[in-house]
Amino acid sequence: MTLTREQAMEFAEDKPSNPSDNETFGSISQRRYSRRGVLKGALMTGTALAIAGLSRPGQASMDARFAFDEISHGVDETHHVAPGYDADILLRWGDALFPDSPAFDPANQTEASQLRQFGYNNDFIGMIPISDDRAVLCVNHEYTNEELMFPGLGDQEKKDFADMTEALVKVEMAAHGGTVVEVTRDANGKWKADTNGKMNRRITASTPMRLSGPAAGHARVQTKADPNGTTVLGTINNCAGGITPWGTYLMAEENFNGYFWGKDALDAHPEAAALKRYGAPGQWYAWGKFDTRFDITKEPNEVNRFGWVVEVDVMDPTSTPVKRTALGRFKHEGAETIVNKDGRLVVYMGDDQRFDYLYKFVTKGTVNMQDRAANKDLLDEGTLYVAKFDDQGGVTWMPLIHGQGPLTAENGFKDQGDVLISTRLAADALGATKMDRPEDVQANPKTGHVYVMLTNNSKRKADQVDGPNPRAENSFGQIVELTPPDMDHAATMAKWSLLVVCGDPAKPDVNAQWNSQTTENGWFASPDNCTVDPDGRLWISTDQGSAWAKSGTADGIWALETEGALRGTGKMFFRVPIGAEMCGPCFSEDGATLFVAVQHPASDGVKNYTGFERESSFEDPATRWPDFKDGMPPRPSVVMITKQGGGKIGV
Ligand code: FEO
Ligand code: CA
Ligand code: CA
């Protein structure tokens, strides 16, 4: 198969691994949706008119919660931010994190140097304040692109990894995981990494971690190297994540399946059906060639030790990260938290694959904001729920509890460990609603609303459309808003509505739904991550993958109105360079800095980039962002955005 790494991931997600006959909800919700058809038609007409020139950004000023001049859709070799703002590079792949970090030397990388440097493909960004001008920054490093990282390789997946060496694999493993680094702010409002920070650490695909919760020690997580099933080496494909109220860092393991080898022997594996449901083994990297734990024929249970949410106590750089199995095992996009009104913690989580599900976890105990240590094992006990949407605008949260309903030994679930290790199968059995790739899910503490990013699903058929997934061959995604009753996030019911249906509202066949005040630059496609700023306003980042040419714009950050007459109005704030996706939006506590993660510049869809029109490589990338120096490859980087002269972003 001749695909780039990104295309391989998209392709994998394109192959729905959910064979259950759960209703796609179309049969019931299409009825609800069709009743809205008239309204939808009216909305469409209004929007098309607005796009045709009737819309004036100023018209909306009465209720607008965002004050900045919008930038334009487009794509070129660099980033763009709204006028009056600075966008400065804070941390690049290879930057120093410690006093002894070697200088970045892309032609001669080693595992030892990468272990002391900022990793590759920054995704989630979280910030834990220490004081007004000092904080701990937590950044996930999702995956690696060997064709852009190393000289002379090209895309190794196409060559059966012929040129990958063990030394290069070790660099890749060291470039995965996360970075914890202290940052300080100067008098001009600009942050910089403090390489002397006591909390600084790298977490990688080899860092020892503890398994905790109901699946820890289970027979299905025991391996030759770890017969007790309690200690795992490393975390992989850490996409988005979260920061708990007590200041720990949650790293979500997403496409873990792609790292394992043994495709040809899958049917002989004792858990072949479960592995297939997770798309494992994917064999997207060379790791299984050199490290037997990434080969299911040699270590059949290692794969069950990935796909979890990892909690890191960043205040103790020697602490062992913990994989919290109570939160379930799936392709976790993120793990955003909110303290419920009764004091329990609720974690919202998407399983990012076409036709997979939306989850939440509710702790048994309550958060203790007076005693940080009291929350140490809060994430080990509680209830995991999966969402079922109905045709009355309602959501039922169904608990995944062993012994309840179909989750019994007769159906293959011997205990709660089985339910959690095979979360997807348990959710299938409960009849959860198949969604259009649930990504980041975030609650707004000011309003109680919960925003669910559904990024796209090109495989949904016309007879599978439903309320929250209203389009067939959905290339552009949508955002669903949940409203828990009386702001009770632990409740087993909620209401749902569509906030926006993404894509170009000027194209009738796209069937997008935006507020008519949205300009020709204000709409977006494929919402992926989001964040709520200190004023309760929603900001969206997008990842269109290699399909960005369908919208004609690179990914970026859009502000999105959620309340009042302007609800559903988007406004473009930042744009990434060619081939990148936008990740990690994160505000400083005072709202004066927006941190964003530019992931894999020069990689996605560059064959469609006019004037370049070929795949990128280390020697020949579509952009050399952000350094633009001969011989320097493109570098995934965290960018900090501040307002010139200071003050809150977008105010
Ligand atoms: Fe790693 Fe679902 O994005
Ligand atoms: Ca993502
Ligand atoms: Ca988020």
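1. Let me start with one pairing: Thr531 has Trp539, in strand S26, as its bridge partner. Keep in mind that this is a predicted model, where local features need pLDDT of at least 70, side-chain atom pairs count only at pLDDT 80 or more, and totals for chains, interfaces and linings use all residues. As for conventions, residues are numbered from 1 along each chain as its sequence is written, chains are lettered from A and ligands numbered from 1 in the order in which they are written, and side-chain values use heavy atoms, with hydrogens and water left out.

2. Back to that pairing. S25 and S26 (residues 538-542) run antiparallel and are joined by five bridges; strands count as paired if DSSP finds at least two bridges between them. Both belong to an open, antiparallel sheet of five strands, ordered S1-S28-S27-S26-S25. S1 (80-81) and S25 (527-532) are its edges, each pairing on one side only. The labels follow DSSP runs, numbered from the N terminus: helices are H or I with at least four residues, strands are E with at least two.

3. Strand S31 (residues 637-643) is worth a look too. Six of its seven residues are buried, where buried means under 20% relative accessible area, exposed over 50% and partly exposed in between, using a 1.4 Å probe and protein chains only. S31 pairs antiparallel with S2 (residues 85-92) over seven bridges, and Leu91 has Val638 in S31 as its bridge partner. S31 also pairs antiparallel with S30 (residues 593-599), here over six bridges; Phe595 stands opposite Met640 of S31.

4. Helix H6 (residues 166-175) has seven of its 10 residues buried, so the rest of the structure largely encloses it. Among the buried ones are Leu168, Val169 and Met173. The buried residues pack against several elements, including strand S4 (134-141), strand S5 (177-185) and helix H8 (287-290); contact means heavy atoms within 4.5 Å. After H6 comes Gly177, with a positive phi near 95°.

5. Helix H10 (residues 423-430) is mostly covered, with six of eight residues buried. Arg424 and Asp428 are among those buried residues. Their packing partners include helix H7 (272-277), strand S17 (358-366) and helix H9 (416-421). Gly431 follows H10, and its phi is positive, near 80°.

6. Finally, how far to trust the model? Mean pLDDT for the chain is 92, and 91% of residues reach 70 or more; pLDDT is the predictor's confidence in each residue, from 0 to 100. Helix H3 (residues 37-54) has the lowest confidence, a mean of 31, while strand S13 (residues 322-324) has the highest, at 99. Over residues 24-60 pLDDT stays under 50, and the model has 74 contacts there beyond four places in sequence.
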